[in-house]
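Biologist: I am new to this one. Show me how to read it, please.

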Amino acid sequence: MREAITVIGASLAGLRGVETLRSDGFDGRITLVGEESHQPYDRPPLSKQVLAGDWEPDRIHLAAPDRLADLQVDLRLGQRATGLDLEAHTVEVDGVAERFDGLLIATGAQCRALPGTGHLAGVHTLRTLDDCLAIRAALEGVPRRLLVVGAGFIGSEVASVAVDRGVEVTMVEALPVPLVRVLGAEIGTTMADLHRSHGVDLRCGVGVVELVGEDRVRAAMLDDGSVVEADVVVVGIGVVPNTDWLESSGLDLDDGVCCDATCLAAPDVTAAGDVARWDHPRYGRSVRVEHWDNAVEQGIHAARRLLQTDEEATAYAPVPWFWSDQYDRKIQVAGLTHPDDEVRMVTGSPEEGRFTALYGSGGRFNAVFGMNRPRQVMQFKSLIDQEATWEEALAYARELG
Amino acid sequence: MRVVVDFDLCESNAICMQVAPEIFEVRDDDFLYVLNEQPGEDRRSAVEEAVQRCPKQAISIQD
């Protein structure tokens with residue numbers, strides 16, 4: 001019988017996990033540890049409404065204060081897990097070992113930094129509320145020339161917000177086409193076009209050699225020999241899962257905490273969200289998914305797993321899904337694309353600003369991309385969930401006209 | 001149970017439609033339509049999942 005469950009990480013996956021423990025009837029002690037001092041908050045608005053200044057931070061609470069009180073959780077904000085002893089069933093929080101019967105690891109990820117830029121003011125990454133407010137303040141200054149390093153989803157959203165605020169934006173992407181590894185060249189090119197049509201100076205296939213400035217960043221030297229002057233730099237070149245604190249724990253770590261198909265990392269220990277890598281039955285390999293929706297679903301699944309016996313446990317096999325808001329476009333992707341995929345645009349067109357594209361290979365239907373097409377993305381997501389073939393997906397698309 | 005959508009927040013991500021298609025429908029005009037504002041108790045867990053998974057936290061339940 002479990003009496004005490006500890007959740008490390010007080011963001012989306014951790015909080016949804018705590019809610020699930022209670023709604024599933026767990027009435028023992030729950031401790032929720034969060035490194036940041038803020039009440040649990042939602043991150044997507046940090047690169048959208050909050051960054052734009054449309055929302056203040058008090059609008060992004062993940063749970064109202066009375067809701068947190070209802071959950072009867074010992075909320076430890078501003079504290080950090082520093083170690084885990086699997087055998088003793090203890091987790092070290094701010095240096096003090098605390099016993100648990102069940103542990104949910106949801107420590108998320110941190111932004112990759114551009115090497116050698118730590119000493120310069122004006123160079124930012126975007127992950128936390130504090131990061132967001134710092135960038136927001138920086139974009140209010142003058143002169144305002146923003147350099148975004150990396151044309152991924154975070155960088156693209158930042159560029160979109162900055163353009164709306166009248167900031168001059170240059171975006172540098174090392175790949176020849178933005179997001180080419182995830183979306184392929186054709187769709188990646190539509191993303192590039194979207195930025196350029198909004199006035200972003202997008203430069204692809206070039207890397208940043210170094211950022212220069214005395215105390216503050218002044219410019220970036222690029223590897224094609226050009227120089228981009230900038231007052232603010234936002235670096236969006238991916239994240240690294242937060243597993244440092246688990247190095248000597250004996251848990252299997254490999255770009256995340258490795259879990260079985262049920263999200264179990266070790267007896268009585270589960271993981272969820274950006275930090276978790278698990279054996280996904282649909283793909284026959286392990287995956288780590290950094291999407292908002294996955295943090296919700298996996299937080300629920302991994303918490304429930306702690307209350308289940310091995311016999312009761314079920315595999316976690318979602319169709320990954322995410323969205324990104326850029327300019328007046330809603331981008332949504334469901335499924336996982338494969339390098340061999342054929343890409344078929346089935347409805348609409350980039351010119352209309354509204355289209356759906358399907359990805360498939362080897363007779364399998366793998367993923368759907370939608371631009372301002374939420375209904376169709378969900379319809380195709382259901383087909384992926386049902387393991388529809390490529391032909392079945394195309395036939396369905398023909399029915400849609 | 002009464003299903004309430006804050007349409008100022010809703011951005012038609014359509015996750016709710018996937019979770020509970022008999023209650024939520026995003027149509028081709030990309031707007032969300034609530035097909036049944038007072039579903040029976042047998043639909044509670046589906047509506048609760050829609051509440052949790054709405055990326056805009058735009059759905060709530062009033063009892």
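Biologist: What pattern does chain B follow, read along the sequence?

Modeller: This is a predicted model, so take what follows as a reading of a prediction. Along the sequence, chain B runs β-α-β-β-α-β. That gives 2 helices and 4 strands in chain B.

Biologist: How do I judge its overall form? What radius of gyration does chain B have?

Modeller: Compare it with a rule for globules. A compact globule of 63 residues would have a radius of gyration near 11 Å. Chain B has 10 Å, which agrees. Its C-alpha trace spans about 30 × 20 × 15 Å along the principal axes.

Biologist: What percentage of the residues of chain B count as buried?

Modeller: Burial comes from counting neighbours: 20 or more other C-beta atoms within 10 Å make a residue buried. In chain B, 35% of the 63 residues count as buried.

Biologist: And what share of its contacts joins residues 24 or more positions apart?

Modeller: Take the contacts in chain B with a separation of 6 or more. Residues 24 or more positions apart account for 59% of them.

Biologist: Now the two chains together. How many residues of chain B are in contact with chain A?

Modeller: 14 residues of chain B contact 14 residues of chain A. On the chain B side, the elements giving two or more residues are helix H1 (15-19) and helix H2 (44-53). H1(B) gives the most, with 3 residues.

Biologist: What kinds of residues make up that side of chain B?

Modeller: They divide into 5 nonpolar, 4 polar and 5 charged.

Biologist: Let us turn to chain A. How do strands make a sheet?

Modeller: Strands of a sheet pair through backbone hydrogen bonds, either parallel or antiparallel. In chain A, 5 strands form an open sheet in the order E23-E24-E27-E26-E25. The pairing there is antiparallel.

Biologist: Which strands are at the edges?

Modeller: Strand E23 (321-326) and strand E25 (342-349) of chain A. Each pairs on one side only. From one strand to the next, the twist averages 15°.

Biologist: Which helix packs on this sheet?

Modeller: Helix H6 (residues 180-197) of chain A. H6 touches E23, E24, E25, strand E26 (354-361) and E27 of chain A. The direction of H6 makes about 40° with that of E25(A).

Biologist: Give me one strand pair. Over how many bridges do E24 and E27 of chain A pair?

Modeller: Strand E24 (residues 329-335) and strand E27 (residues 364-371) of chain A pair over 5 bridges, in the antiparallel sense. For example, Val333(A) has Phe369(A) in E27(A) as its bridge partner.

Terms used. Residues are numbered from 1 along each chain as its sequence is written. Chains are lettered from A and ligands numbered from 1 in the order in which they are written. This is a predicted model: local features need pLDDT of at least 70, side-chain atom pairs count only at pLDDT 80 or more; totals for chains, interfaces and linings use all residues. Two strands pair if DSSP finds at least two bridges between them. Axes are lines fitted to C-alpha atoms, for helices over the stretch in contact, and angles run from 0 to 180 degrees between N-to-C directions. Two residues are in contact if their C-beta atoms, placed from the backbone, lie within 7 Å. Ala, Val, Leu, Ile, Met, Phe, Trp, Tyr, Cys and Pro count as nonpolar, Asp, Glu, Lys and Arg as charged, and the others, Gly among them, as polar. The radius of gyration is taken over C-alpha atoms; the globule rule is 2.2 Å times the number of residues to the power 0.38. A residue is buried if 20 or more other C-beta atoms lie within 10 Å of its own, exposed if 12 or fewer, and partly exposed in between; C-beta atoms are placed from the backbone.
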